[in-house]
Amino acid sequence: MTRHLLIPAALCATLLPCPAQQENAAPAQMSPVSLPVLPAAMEDALAIYQELRLLMLESSMTAGKVQLATERIRPHCFTLGLLAPAAREKIIMLADAVLWQEQWMDAVYAQECGIEYEAPLLDEGFETLILLSNKCSRLLADSSTPPALRQAIQELVDTLGGSSVLKLPGRLIHKRWAKDYKTALNFFKALCAAASEENEAACLAALQEQMPTLHYFQQGGEWEQLRLNALAQRFRLTLTSIGSNQHPFGSTVLPESRRTPARMRALAPFIDSLWALEPLLLQPLEYESK
């Protein structure tokens with residue numbers, strides 16, 4: 001399945017410890033980050049991780065490939081470095097949570113639909129960064145590593161914050177955020193099932209049943225909105241990959257012919273709170289021709 005790379009820059013600059021969160025644990029207290037800053041910082045994290053992930057997938061590192069990755073991530077590392085350490089760590093932890101939860105959601109829902117899930121090339125998130133960190137550490141310590149490659153790797157490490165960052169993914173994975181990912185998947189499935197109901201009364205009643213879950217998610221503020229919007233985008237891609245004949249929601253979850261004023265009023269609180277629910281529910285799912 002195609003993977004949406006909204007992914008952490010866990011090797012970027014010095015971080016502070018963050019309390020671990022578990023499924024059904026109480027939400028952590030987040031220091032405030034303004035609404036425009038948070039998505040932009042996540043985009044920087046995405047750009048950095050894409051380059052680091054590509055390096056990990058290379059069968060062999062070369063100085064040129066490492067130098068190119070370094071030049072591409074340098075401006076993103078700079079802008080992330082302007083954030084307070086606590087806010088930067090939360091962005092990294094949240095980005096990792098989004099990625100592994102997306103991967104988990106793909107696998108679980110495909111299995112529910114009777115689809116054989118294609119094993120991923122990498123376990124996304126901190127696992128990938130641990131592999132890359134170990135690879136860089138080995139090359140730096142190996143006396144047979146070509147000098148140009150050694151210099152390129154050291155420049156990459158320095159750009160990311162120095163040698164200490166090589167140990168960070170292994171520490172942070174033990175503090176990984178693991179909260180409400182099952183709740184999110186159940187919420188998306190229930191919302192799609194409600195919106196796709198042919199009977200309007202049944203649709204409205206089912207949507208009303210999801211309001212307490214929406215209110216629960218709203219308590220998490222902007223950080224939770226970012227996580228859920230990313231997961232809703234991933235769930236839409238998951239439905240696309242599975243195909244309309246394999247999941248119960250059709251080629252458009254709520255077709256135009258059923259968009260009565262009453263249904264749209266009932267959906268408004270959900271879409272107003274989480275913008276990614278609008279394309280999930282109202283836009284046609286674009287299936288690839290086989």
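The questions below take up some labels used for this predicted model.

Trainee: Why is Leu 121 called exposed?
Mentor: Leu 121 has a relative accessible area of 70%. Exposed means over 50%, so Leu 121 is exposed. Leu 121 lies in the loop between helix H3 (85–112) and helix H4 (126–141).

Trainee: What makes H3 mostly covered?
Mentor: Of the 28 residues in H3, 22 are buried. Buried means under 20% relative accessible area.

Trainee: How do you know what span to expect for H3?
Mentor: The expected span is 1.5 Å times one less than the number of residues. For the 28 residues of H3 this is given as 40 Å, and H3 reaches 40 Å from its first C-alpha to its last. After H3 comes Gly 114, whose phi is positive, near 75 degrees.

Trainee: Why is the contact between Glu 112 and Lys 189 called a salt bridge?
Mentor: The closest N and O atoms of Glu 112 and Lys 189 are 2.9 Å apart. The cut-off is 4 Å, so the pair counts as a salt bridge. The pair links distant parts of the chain: Glu 112 is in helix H3 and Lys 189 is in helix H7 (residues 181–195), 77 residues apart.

Trainee: Is Glu 112 buried, exposed or partly exposed, and why?
Mentor: Glu 112 has a relative accessible area of 45%. Buried is under 20% and exposed is over 50%, so Glu 112 is partly exposed.

Trainee: Why do Lys 179 and Asp 180 count as buried?
Mentor: Lys 179 has 11% relative accessibility, and Asp 180 has 2%. Buried means under 20%, so both residues count as buried. Lys 179 and Asp 180 also form a salt bridge, with their closest N and O atoms 2.5 Å apart.

Trainee: What separates Arg 227 and Glu 224 in helix H10?
Mentor: Arg 227 and Glu 224 are 3 residues apart in helix H10 (residues 221–242), so about one helical turn separates them. An α-helix has 3.6 residues a turn, so residues three or four places apart point the same way. The side chains of Arg 227 and Glu 224 meet in a salt bridge (2.8 Å, N to O).

Trainee: How many salt bridges does a search of the whole structure find?
Mentor: The search finds 13 salt bridges.

Methods
Residues are numbered from 1 along each chain as its sequence is written. This is a predicted model: local features need pLDDT of at least 70, side-chain atom pairs count only at pLDDT 80 or more; totals for chains, interfaces and linings use all residues. Side-chain values use heavy atoms; hydrogens and water are left out. Helices (H or I, at least four residues) and strands (E, at least two) are DSSP runs, numbered from the N terminus. Buried means under 20% relative accessible area, exposed over 50%, partly exposed in between (1.4 Å probe, protein chains only).
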